[in-house]
Each structure stands twice: as C-alpha cells, then as structure tokens.
Amino acid sequence: MMLPIGAAAVMAGGCGGHKAITYPAAPSDATVDTYFGTEVADPYRPLENDTASATLRWVEAENAVTQEYLSQIPFRDAIRKRLTELNNFRKTGLPRHAGDGKYYYSENSGLQNQAVIYRADSLGGDAEVFLDPNTLSDNGTVALTGTFRSHAGKGKYTGYTISRNGSDWTEIYVMDTKTKELLPDHIEWAKFTDVSWDGEGFYYSAYPRPEAGKEFSNANENHQIYYHKLGTPQEADRLVYEDPAHPLHFHSSWVPDSEDYLFVTGAGEGNGNSVIFRDLRKGGDWKVMEESQNNEITLLDVVDGRILFITDYNAPNKRLMAADPAAPGRDNWVEIIPEGDGVLTGVDLVGPDKMIVTYEQDASSHAYVYDRKGNRLSEIAFPTFGTAYFSTDKDSDEVYYSFTSFTYPSAIYRYDMATGESTLVSAPEIEGVDMSDYVTEQVFYPSADGTKIPMFITYKKGLERNGKNPVYLYGYGGFNVSLPPSFSPQRLLWLENGGIYAQANLRGGSEYGEAWHQAGTKTNKLNVFNDFIAAAEYMIGEGWTSKDYLTIEGGSNGGLLVGATVNLRPDLFKVAIPRVGVMDMMRYHLFTIGWNWANDYGTSADSKEMADYLLGYSPLHTIRNDGTPYPAIMVTTADHDDRVVPAHSFKYAAALQAADTGDAPKLIRIDSNAGHGAGKPMSKVIDEYADIYSFIYENIGITPGEK
C-alpha cells in the first residue's frame, strides 16, 4: 500500500517563531527482508526508485517544507551575504612547470563557480586562460576533474576529464596544448579514471553504458580499460584489460613518461590494490608485481630501471620500495626508506638525485629532503601545523609547495633546494579579515576505551570557557581517510561570530597508519562513534560549551557517523547535520559502487554476526520511537549523487519524520543538479552553507552578528 504524497504523516512542533511542521507522507509499502533469520522491515523501499513519479513528488514536497522553514529565519539573507563576501578572494593553486616550458596553475578570482586553468611563461608574469570550465555550462555544474598532458612532444596534447551535475560519471576531451584547439575525440561513460597517454592515444577506465533511467543508482560492474587512438570514434577503442571473474573490481591504468610500461592496478576487494604490467616496447604477457589486494601500493615512477612505489606491506606506516621489472614480485622488492613513526604520504622526485618525502604525524604534514638512496638530508620548515603538497620536476631542481591550515588560507611557496629556504610566491587576502585574530590548538582526549584521540580546536582569541560557546564538531572516521588541517572560508563565518570549530581525528582514518584504520572498521566501527561522542563530552567537560550549543556535522561516511551518533546519544547535541550519508547499512552494497565499501563496513550478506552488528548501528534502523527528544536535524543530499545514492537520505529522513523523537525539526534539503560534493559550483556551496548555518543558529537560539 502506498500513502498519497501530501498526506499529513507527522506533525512536529516548531522552534522560535516557526509554526508546527507538517511533514509529507513518504511512499511506502510492506517490504520485509530476512537476514539470517532476523526480519527487518523496510517500509520506505519505494524511495529507492529515485526516478519514480511518487518519489519525485515527495522530493518536491519535502523541499517545499524545508524552504518554507528556512525562509522564516530572519538572518538567512544576511548569512548568505556574509558568506559571499568571505568567499570573494583570489584562490591560486599549486603551479606545475610543464614540458613546454610554461607554468600551469588553477585560479579562482573569487566567486567563480569553477577555478580556471591558466598558463604563463613565468610565475607572476602575464598569464593566459588555458581552460575555463565555467564556459562549459550556464550554471557552473560542469566541473573539471583532471588535466593530463601527453608525454610525447613535450605535452603536445592535453586530455581533460569533466563531470556533470556532480556525478561520478566522467567524460574525456582532448585539446591541442599549443593552440587550445578542441579535437573531435570525446569519451563517454568513463568512471574513476585518469588519462594515461601512450604515443598518439591514451588508456582510460569505463563501465558498460548504463541502463537508461538508472544511470545514478544501479550497481556498477565490470570496470574495463580501453585504449583510444586519437582521431578515431569511441566505438573503435581497443579493450586492453578486463576481469570478468571479478566484476566488482576497479581497474586503473598508468604509463610512466618513458612510456616503457603499462601498469594496471586492481582494487575493490581488499584494503589495497594489485599491480600487473606489460612491456609496451617488447610486448609479451602481463607480469605480476602484486597479486593480492591486501596491501596498498602507490606507483611513483620508473627511474634508472627500477619501479619506485610506496607500500604498507609489512609496514602499517608505509615505506618507499623499488622493484626490478625483470623480477617484480614481492620477494624481490628492495627497501629504500624504511617505515618510520609518521605515516609516509608522498614522495616527489626532484632533479637527478633528490626527493621530497612527506609524512603525516599527529594529523599534520612534515616534509624532508632525501637523496635517492634514502638518506635524509634536511627538513622543510612550515609556519605551523598544517597540510602541504609539492610540485616538483625530476628534470630540474625547481620546487613549489602549497601550505594551508585552519587559520592559514592556502599559500604558494618556492623552495630553494640549494639554500633550504622557502620564499612566498602568493598568499590570498580576505578583505576585512585578520587571521591573526584566531588560534588553533591540538588536544588529545580519551575515548571510551582509553585510546587518545587527536582533535584540532579553532576559535577567536580571548574566547572564554563559559559553557555557552557554540561548537561545530566535525568528523569522518573511515576508509583510511585523514582529516589534516585545512582552510575554509565557510568556517570564518562561524568563527567570527564567536563559534568554535572542532575537528576530531577519529579511528578509521589514516592519521596513524593502517592499524588506526583497522581499529575503526567492520566490528570495530563502534570505536568511531565512541570517539566522536568522547569529543563532544570533552568539549563540554573542559567548559568550552554545553549540549545546548553543540552541533555535529559530517558528510558521506561522516553522514553515517552523525546519524549513528545521534541515535546512540540524542541527549548530547542540539543540532545535527548528516550530509550525503550512508544511512541504510543493510542495503548500501546494492547501489552504484557501494559494494566497494565492504572492506570498511562488512555487509549484511557476510554472516549473521556481521548482519546483526550492522543492524545494531544502522542510522535508518536505530532511530528511537519512544518520545526521546532528538536534536534538530537537517539531512542534506542531492539528486545526482551516484556515490552515496540519495535513497539513503530519503529513507532515513522519512523514518525520522515518522518517529516520535520530540518537537525539534527534522528536515531534508535535496539539492538539484548536484552530486556527492566534488566540483560543486561556488554558488551552490554558498547557498548550502547559508541554509546549514541558518538552521544551526535558529536552533541554538543565537542570532549571528549580535554581541
């Protein structure tokens, strides 16, 4: 039985001057699934069909309710105006000195929806627009996701990848680098791919063309690698690699600039990746460098007849290794830089005999100069704890790096390999903002089992610990992803209004290597939620805030974090913002690439133990329905999210609105022509954060701008 859209499913009391909210009734039926003898109702299964007319009507009705609520907040327009001002500053990316002798870099003049690629003969000199993705759509929803210059002819061709409306689906185009003329070559339905050049063509990864109407929800299977020769149609592309015995594996190609070898990595089954390669000059069979997907391998280059790579094989914090192409198996690998206390995150070759080696220690970047034999020569000093990325050239000693932190907008430096000195090349200025007014400190707080968890706390100097400061607590905790320091103009609005931004480095990430990651996966997943709860309790216990001023937010796996944490401790928070979250832990693996998350989560099909564990914390299935007051919640998702399909948020919001969880609002904000988050145009970012902050301030009872 399906309830009609528009019927009054639940009445919820408003806050402030809001009238009671009437939530739309969601399409529902009597679906019940059985997992190892346990029956689990799934009444909102119809919402998984995101193109069904009933779902579309429900989405429209939910957005109308949310927008009506937000439109009544008197300071919403002022927040949007201030966010626009705070984002209106020049943002310059890390330059790359290319084979044609020119410098290429990205730059956003301030409020452009997408950053523009420029090129110049010298940094600081006259620059020309090389590629402007803002011209590819009227509303900024086409994002440039990568540029790849050919090896031949000193970068004669530039391949570039785009995504539309935030989707993971990728299109590839090719242009003449010198003239910027667009060539006729156009690849569709590629996904999770680079452009790996080999002569007058390139390798790329793609899935079979999806079923019409199911492009953004059906499971993706049979990832294949093709070779496209310039000037030929996509239909003529040569299939280079596939693995039909393992339809859920990812396959990526890589060709070093010498174009001696084609490497293919496989992933999706373990916590790492396999590596095979073929000699492009001599031909012959594939050689196996690593057969399993149990170890992470990051290929760097082929230099002096050796394959250089970073791996966590027998080294949870990773190490630098080399392999001989003639005998590439694991038993013959040679260690260059052994595992250290920090996590090895990057190696960049400089000139004929040096390397910049980057480590992450306590969630912050540390960089050193090494020789090619693995001897550490010196350290590169940074202004404070933060995050650094390098741009180097193995044909010269020229080195540039970007550095950013919570109170340090991304700046570009030139590093002199001879003197060891860093020189500022460019740094952004935000009109009317003095970043020295703010401070960041790092603390280490105990989780439920005593494990010390690092957390960064950023706030305005002079702030008092009076228990009444609004706190925005952010976390992720999964997939070997670290949360190092970074800068966000959106956060400035929160900070300048007396708010505290707290970022917890939960288990499940990569901050302390593979052991830290594993401590937050599968049947250890509750560690992550306990770490987040402990962060909130720390902020309260130390007098920074109280539960009446505490907001939690997270996206994707972090959306799961927020949803699960609220169900565990609804008493601890005033506001919760779960964004594009994985909310149905029983069925996540059935959509798009959800199956790829099984190494972190496990699946409901694995075993009764795993199914019961997932059911025990799945945000959709553990919503309380007994009158327990919940915080104010605004769920966010987007119609083109084909990473975490919107059905997760749809079903969760419908269940939340139908449950007896008190009078605080339970809303869902569904963006259109947007996806999981990457490449979102500036205008949509500002609109989204204007709504998020308006919702938060309204529900903690603070008017921003008031002293």
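Predicted model: local features only at pLDDT ≥ 70, side-chain atom pairs only at ≥ 80, totals over all residues.

Visitor: In which sense do S15 and S16 pair, and over how many bridges?

Guide: In a regular strand the side chains alternate between the two faces of the sheet. Here strand S15, residues 201-206, pairs with strand S16, residues 224-229, in the antiparallel sense over six bridges. Within this pairing, phenylalanine 202 stands opposite histidine 228 in S16.

Visitor: What about S16 and S17?

Guide: S16 also pairs with strand S17, residues 238-241, in the antiparallel sense, over three bridges. There, tyrosine 227 is placed opposite arginine 238 in S17.

Visitor: How is the packing of H2 and H10 described by angle and axis distance?

Guide: Angles over 145 degrees count as roughly antiparallel, and 65 to 115 as roughly perpendicular. Helix H2 (residues 76-87) packs on helix H10 (residues 682-700) at an angle of about 135°, with the axes 9 Å apart. The two helices are therefore oblique to each other. H2 passes H10 in a right-handed crossing.

Visitor: Which residues meet there?

Guide: On the H2 side they include Ile79, Leu83 and Asn87, and on the H10 side Ile686, Tyr693 and Tyr697 are among them. The residues of this contact divide into eight nonpolar, three polar and four charged.

Visitor: Is threonine 66 buried or exposed?

Guide: Buried means under 20% relative accessible area. Threonine 66 has 1%, so this residue is buried. Threonine 66 lies in helix H1, residues 53-71. Leaving aside residues up to four places away in sequence, threonine 66 touches Met634, Leu667, Ile668 and Arg669.

Notes. Residues numbered from 1 in each chain as written. Heavy atoms only, no water. Pairing = 2+ DSSP bridges. Helix = DSSP H or I, 4+ residues; strand = E, 2+ residues; numbered from the N terminus. Axes fitted to C-alpha atoms, helices over the stretch in contact; angles between N-to-C directions. Parallel < 35°, antiparallel > 145°, perpendicular 65-115°, else oblique. Left-handed = near helix turned anticlockwise from the far one by under 90°. Contact = heavy atoms within 4.5 Å. Nonpolar A, V, L, I, M, F, W, Y, C, P; charged D, E, K, R; others polar. Buried < 20%, exposed > 50% of the residue type's maximum accessible area, 1.4 Å probe, protein only.
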